[in-house]
Amino acid sequence: MLNSILKYFPFFTDAEVPHTVAARPDTGLYSAKLGIWLFLASEVMLFGGLFSAYIFLRIGAEPGYWPSGLLNVPVGTANTAILIISSVTVVMAWASLKMRQLAKYKFYMLITILCGAIFLTVKLSYEWPAKFNHFGVFIKKEASTKYEDFLGNKHLEEGGQPPRWEISGHLLDAPKGSAYAEQAVKNAEHFAHETHRHDFVTPAEDDYVIQLDPVNANPSDKDNDRPHFLQRPLSDKIAVIKASDVESASVFAPRHSTYFATYFLITGLHGLHVLGGILVFLYLWLPFKGGTKLYHSNPEHLANRVEIAGLFWHFVDLVWIFVFPIFYLL
Amino acid sequence: MATIAPVEHGHHVGTDPHGEHHHPELGFWQKYVFSTDHKVIGVQYGVSGLLFLFFGFLLMLVMRWQLANPGLPVPVVGEALKGVFGPTVMTDAGALTASGYNVFGAMHGTIMVFFGIVPLAVAGFGNYVVPLQIGAPDMAFPKLNMASYWCFFTSGVLMMGSFFVPGSAAKSGWTAYPPLAGIADLEGGNIWLNGQTVWLVAMVFNITGSLLGSINFITTIIQLRAPGLTWMRLPFFVWAQFVTAFLLVLAFPPLEAAGFMQLTDRVFGTSFFMPTGLMIGQKVAQSWSGGGSPILWQHLFWFLAHPEVYVLILPAIGIVTEIVANNARKPIHGYKPMVYSLFGLGFLSFIVWAHHMYMTGMGAKVAAFFQITTIMISVPSVILLTSLILSLWGGSIRFNTPMLFATAFLPMFGIGGLTGIPLAFNAVDLFLHDTYYVIGHFHYVVAPGTIFGLFAGVYFWYPKATGRKMNEFLGKVHFWTSLVFINGIFFPMFIQGMAGVHRRWYDGGATYEQLTAPVLHWNQFMTVSAALLAVAQLPFIFNFFTSWKLGQKVGRNPWDATTLDWDTPTPPPHGNFDKPLEVFRGPYEYSVPGHPVDFHPQTQRN
């Protein structure tokens with residue numbers, strides 16, 4: 001019976017589909033250009049869903065549970081600039097192809113690819129790892145007065161600001177059995193090496209010992225009420241926190257808080273988009289059949305490919321333009 | 001079918017000296033499996049969809065047995081089911097466990113919606129028929145089309161495979177509400193290899209395939225219309241697919257985002273949907289930092305899942321419109337208002353989602369907004385249904401099998417729609433929420449509504465795809481028995497629901513007998529109806545396979561139809577059309593006064 005079914009489908013290759021390169025006169029578009037715009041519409045909804053989640057969770061967060069000022073603003077600014085530059089160079093690459101200047105195209109495309117690669121490298125080798133070595137504990141509300149020196153809630157209340165429940169910095173010693181014990185040992189060695197202090201070592205088995213962020217070191221300092229453009233180094237001050245006073249404690253990983261969950265999910269998904277863009281650009285830059293080889297048989301087709309890949313790249317750039325302020329600045 | 005197929009083919013290649021013996025393996029895989037031809041992909045999607053529909057129906061049969069005979073072993077197949085699904089789902093005696101009931105319930109919903117109807121209605125019929133109806137040689141992006149099917153295929157394999165992971169498949173409902181879905185099967189289990197996690201991964205593949213397909217549909221319809229085929233000359237089915245594709249492009253991504261979030265909640269311990277102070281078994285959950293919102297999931301889920309309802313129904317309305325016009329031998333009444341109504345429906349479907357969430361206590365003002373939009377959406381729905389009924393008026397109707405299913409669609413969809421109106425109101429919904437009334441309501445829309453529309457489509461386009469008609473007598477047996485028994489299942493649900501029977505009761509309400517006694521006996525009636533409905537599908541299955549060889553042979557245009565899909569050779573070859581096309585008129589010029597025959601094809605100049 002199967003043969004009788006199969007004989008109805010005697011096909012070997014794609015059918016000749018019109019408007020793959022030349023525009024359809026009444027719509028003024030070649031098909032891929034329409035396709036990429038529709039794809040971008042779906043991408044707007046995808047990131048729209050994530051940004052709505054950000055708004056929903058941030059509005060719904062209990063006072064004091066949505067941090068700010070934890071990300072490195074100069075690095076983020078530099079990365080923003082890099083992405084914007086790459087958006088310009090990808091247009092130059094496309095324009096060079098339209099003018100049939102292959103060498104210029106290759107040059108500008110290379111710059112674009114490098115910009116994307118720098119962006120990802122900064123994210124993956126500097127920004128994210130720094131977070132994974134930064135530790136925060138949320139203090140139980142009933143125990144918070146014990147840690148007033150690090151939380152400064154009186155000062156915050158007088159200034160009409162939301163309370164602070166978190167103490168953060170580098171973990172120097174963890175309670176017994178903690179998953180972060182190894183990390184704490186490394187940090188402790190580093191801390192001892194820098195400060196020549198050894199007095200912090202293991203006061204009790206169920207304590208967290210944390211080398212404090214400036215904001216927890218001097219929580220009542222007015223200077224800490226405002227965000228800082230330049231990231232300030234950790235203080236030399238140490239906090240010892242009883243594990244029984246802790247509501248939850250972890251490094252700045254997705255599981256730490258809904259803030260970092262949204263941060264890592266959105267920047268991670270954005271990073272995947274950057275990676276996808278780089279791979280497509282590499283394909284169009286290298287002498288593949290659909291890459292620069294295509295220039296010699298059908299340069300307009302290659303220009304079209306660069307155009308739609310570029311549209312995608314602009315979108316990725318645009319997403320970052322939203323990501324940067326909502327996570328780094330607000 | 002699937003198991004014998006490769007064997008038969010191998011036999012053919014080995015023995016037939018005139019067969020395609022130059023590159024037999026490569027040829028087979030490229031032509032019939034990894035094909036880029038829209039017709040092959042349409043059939044792949046369609047057959048997959050039919051198989052999933054049948055499987056989802058069988059899950060429901062086991063559940064219905066349990067509802068009517070709580071705790072009794074499933075007859076005949078009970079022990080076999082134990083062997084297949086394991087001890088989580090079936091007891092040693094072969095009865096459905098409580099956990100198994102939840103598994104089957106969640107998977108029935110998931111499979112029917114995302115693996116049955118959408119693939120068959122949107123991707124199956126859409127792929128096969130839309131390029132033919134607009135006079136295109138193929139879809140705009142044939143390779144993307146193939147990628148779409150294989151994304152769907154992967155998701156299907158994952159979803160079926162999830163029955164066999166430890167703890168069996170997802171059991172938190174097809175809506176996967178957290179925090180229940182967030183914690184399901186995690187304690188002591190593998191965080192990756194469990195039902196709910198696999199469900200999420202499978203859904204991400206499913207959504208990706210669906211997005212690729214719908215982008216392709218919109219581009220194809222805009223870019224590849226034949227010369228002269230202006231927008232208002234498009235067959236209504238094409239319009240329906242056009243709006244459906246927009247719904248999919250815009251509504252599915254938020255669910256994909258939500259799926260990622262629930263996945264990271266389960267795998268990386270984030271708290272997108274896990275609230276502060278969550279208690280699991282009298283203990284505060286320690287695995288999550290808290291601060292998340294279960295309601296956020298409901299918003300993101302229903303932002304997809306309400307438009308999804310229209311994704312399920314619009315292609316069926318499109319099919320029914322084609323068949324009604326063709327068999328009433330009359331132009332569609334109010335073609336343009338119907339097109340505008342489609343757009344109205346499409347737009348409004350994005351702003352009604354929270355009517356699924358009245359129970360969350362959203363407050364009177366928000367509820368008022370969603371009540372108003374929900375009532376507004378009935379206006380375009382009624383325009384569509386009324387236009388179709390008026391299209392029958394004064395026609396000389398041919399009641400062949402496709403037409404029987406199409407006409408039955410109208411009152412069935414009507415019942416489904418009208419019973420939804422009380423649910424639009426907050427006050428009524430608080431009483432009826434999660435009762436069998438709601439189940440009856442949406443099943444009338446989707447089962448005797450959409451599925452009847454899809455059956456109509458199968459009978460209608462089968463001759464185009466195979467060159468032979470399906471048997472009329474068997475078709476009529478299939479229709480009349482299905483019509484009776486499907487109502488036997490769903491109508492009593494309204495009665496039970498208004499008496500307060502809850503949709504999630506594993507014993508059909510026996511525990512609450514003092515409340516449910518007056519309506520409990522309907523359980524037996526519905527279960528018998530469901531079993532008979534299964535029997536009623538046998539003529540269809542038999543007909544579907546035998547007609548391939550034995551059906552009445554037909555030419556290009558067996559139904560005397562006007563649209564371009566009947567202007568190709570039967571079955572259509574690669575590239576579809578054997579002549580240059582030009583379109584001169586609208587899609588439904590039937591019984592035009594002065595014309596010698598009662599149909600005037602779109603490509604005929606005079």
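**View 1. Where chain B meets chain A.** Two residues are in contact here if their C-beta atoms, placed from the backbone, lie within 7 Å. On that basis, 51 residues of chain B are in contact with 45 residues of chain A. Helices and strands are DSSP runs numbered from the N terminus (helices H or I with at least four residues, strands E with at least two). Among the elements giving two or more residues to the side of chain B that touches chain A are helix 1 (5–15), helix 3 (38–68) and helix 20 (538–550) of chain B. Helix 9 of chain B gives the most, with ten residues. By class, this side of chain B has 26 nonpolar, 18 polar and seven charged residues; Ala, Val, Leu, Ile, Met, Phe, Trp, Tyr, Cys and Pro count as nonpolar, Asp, Glu, Lys and Arg as charged, and the others, Gly among them, as polar.

A quick note for all views: this is a predicted model, so local features need pLDDT of at least 70 and side-chain atom pairs count only at pLDDT 80 or more, while totals for chains, interfaces and linings use all residues. Residues are numbered from 1 along each chain as its sequence is written, with chains lettered from A and ligands numbered from 1 in the order in which they are written.

View 2. Strands count as paired if DSSP finds at least two bridges between them. Strand 2 (residues 166–173) of chain A runs antiparallel to strand 3 of chain A, joined by four bridges; here A:His170 has A:Gln211 as its bridge partner. Strand 3 (residues 207–212) of chain A also pairs with strand 4 of chain A, again in the antiparallel sense, over five bridges. Look for A:Tyr208 partnered with A:Ile241, and for A:Asp207 opposite A:Lys242.

View 3. A residue is buried if 20 or more other C-beta atoms lie within 10 Å of its own, exposed if 12 or fewer, and partly exposed in between, with C-beta atoms placed from the backbone. In strand 3 of chain A, A:Asp207, A:Val209 and A:Gln211 point one way and A:Tyr208, A:Ile210 and A:Leu212 the other, yet all are buried.

**View 4. Helix 20 of chain B and its kink.** This helix has a kink of about 30°, centred on B:Phe544; the bend is the angle between axes fitted to the seven residues ending at a residue and the seven starting there. B:Phe540, B:Asn543, B:Phe544 and B:Ser547 are its buried residues, and they pack against helix 17 (472–498) of chain B.

**View 5. Around B:Pro235.** B:Pro235 is found in the loop between helix 8 and helix 9 of chain B. It counts as buried because it has 29 C-beta neighbours inside 10 Å. Leaving aside neighbours within four places in sequence, B:Pro235 is in contact with B:Gln133, B:Glu322, B:Thr563 and B:Pro587. B:Met338 is 103 residues apart from B:Pro235 along the chain, and their C-alpha atoms are separated by 12 Å.
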